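Dear colleague,

I am handing over the structure below, and some notes on its contents follow it. Please keep it open while you read.

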Amino acid sequence: MTVDAPRRAAFDVLRQVTGEDAYANLALKQRLETAGFGPRDAGFVTELVSGTCRALGTYDEIIERAGGRKLGTLQPAVVDLLRLGAHQALAMDVPARAAVAATVDLARDTVGQRVTGLVNAVLRKIAARTLEQWHEELGAGKDPLTSLAIRHQHPRWIVEAYADVLPAHELEAALAANNVSPVPTLVVRPSLADVAELVAAGAAPTTWSPHGASLAGSPGQVPAVAEGRAGVQDEGSQLVTVALARTPAPGGPWLDLCAGPGGKSALLAGLAREQGTTLVANEVSEHRADLVRQALAAYPDGTATLVTADGRDPRWRTASYARVLADVPCTGLGALRRRPEARWRRKPSDLDRLGELQRDLLHSALEAVMPGGVVAYVTCSPHRAETVAVVEDIVGERGDVELLDAAAALPEVPDAALGRYLQLWPHRHGTDAMFLALLRRS
C-alpha cells in the first residue's frame, strides 16, 4: 500500500524530534518548505506534529495503559507511530477507524509488516475511549495538581512552577493558553521600516508594542521581512527590549550580552541608533552568531558590532556600557505554545545547571554597565528559580545595585507587575511568559 505523504512527513519530523532532539517548529518548517503540500495538507501535518509533541507525555501514559507494557519494550519508531495514531484518534477531526487504518499502513511502510498487528491492537484500544475518558482514568485518585497536569498535558513540575507565581483561579487558563499555537508576530527594524508598512501588507498592529504587528500567514511573503527591514519576534520579547530602551541611563554604547538568535539585537540596534548611539551584540555560539549577523544585516555599517565570546569571559572593558540586555539561557517554560516538545524535554534538574549560568551572566552584565547604567535581566520562563531567585541572589551579593520598578517602564501593559519585576503571560497578554528585572549600577 502507498502511505499518504502528509502522514509520512509527520512521522519523519517526529522521529527527528524524539530521536535527534530536533526542535519541532524548525524541523517542521524545513520539511514543509520542500514537501510541496497545499494549505490543507500542510495544516494537517502541522497539527499532527505539533499536537502530538504537545501531548507527548499524556499519550505515552495512554499507550502504556492500552498496550499493557512499558514504552521501553517497544522500538522508538513504533512508539512514535502510536503517538501519531493516538493524536489522530483522540484529538483531531479524523474518524477513529481511519486513524487506526492509516497508522497501520504507515507502520507497514516505515517499520515493517511484523509490527502492524501490535499497532492495530493498541490503537484500537486507545480509540475505544475519548480523550476526556482517558484523562479521567489517568487522573483517578490523583491530587488536584496532577489531575490538572494530565488534563492540560503538562508535566506536574511545570504546573507546580506556574502555581507558585499565579493566583489559583488563573492556573488552568495559563496552562490552556500553552496549548494554543500563537499567530506569528512581526517586528520592524526602527528607522528601516514602520508598522504602517506591515499593516499595508495585511498585518494587524500589536496591542502594546509600538514596533510590532501580527500576521496570520507566512511572514516571508511580507516585503519588509524578505528584505530584512522587519523580522519575526514575539510581542513579549519586543516589550522587554522597549522597557530597557525607555529606562533613563547615561549616554554611551549598549550591549546585548546573549544576542542569539538576534531578534532583540535587531530591535535594540534600531532603538540605539534613534538615540544616537551604537550596539555591541555578543553571542557565544558561532551558529547563533550567524543568525544575529543576518538579523543585523539591513542596518548601515557602524550601527551594531557583532562579537563572538562567552559573556562570562568578556572581551570588553568593565563599566563600558550605558545599557546591557542579559536575555539569559533558560528552560523556555514561557514559550511552550511555540515549542510544544519543550515541556517534555526539560527536566527539573536543568534548573540547577542553568541557574549557575544565569547568575554568572547577570554578574557579568553588571560588571559591563557603567555607573548609573541599567541592566535588563530577561528570561523566557516564569519559574522562580530562574527569575526572582537569581536576581535576589545577585543583588544580595553586591552593594552597588539598585532594583528598579520594571513594570513602571511599561505602564500601558496591565496586570504585568510581580512586585518590582515584570511578568508577562500568554493568557493575560497574548505574549510569551517573559520575565524582566531592571537593575541600575550605583
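Which residues do ring pairs link into a cluster? They are Tyr377, Tyr421 and Phe435, where rings of Phe, Tyr and Trp (its six-membered ring) pair if their centres lie within 6.5 Å, planes under 30 degrees apart counting as stacked, over 60 as edge-to-face and the rest as tilted.

This is a predicted model, in which local features need pLDDT of at least 70 and side-chain atom pairs count only at pLDDT 80 or more, while totals for chains, interfaces and linings use all residues. Residues are numbered from 1 along each chain as its sequence is written, and side-chain values use heavy atoms, with hydrogens and water left out.

A search of the whole structure finds four aromatic pairs. One of them, formed by Tyr377 and Phe435, is edge-to-face, with 6.4 Å centre to centre and 75 degrees between the planes; this pair links distant parts of the chain, since Tyr377 lies in strand E9 (residues 369-379) and Phe435 in strand E13 (residues 435-441), 58 residues apart. Strands (E, at least two residues) are DSSP runs, numbered from the N terminus. Tyr421 and Phe435 form a tilted pair, at 5.3 Å centre to centre and 40 degrees between the planes, and both are buried (under 20% relative accessible area, 1.4 Å probe, protein chains only). Tyr377 is also buried, with a relative accessible area of 0%.

Elsewhere, Arg129 lies over the face of Trp134, at 4.7 Å from the ring centre, and the charged end of Arg339 sits over the ring of Tyr23, 5.0 Å from its centre; the criterion is that NZ of Lys or CZ of Arg is within 6 Å of the ring centre and within 35 degrees of the ring normal.

Conventions
Helix = DSSP H or I, 4+ residues; strand = E, 2+ residues; numbered from the N terminus. Buried < 20%, exposed > 50% of the residue type's maximum accessible area, 1.4 Å probe, protein only.
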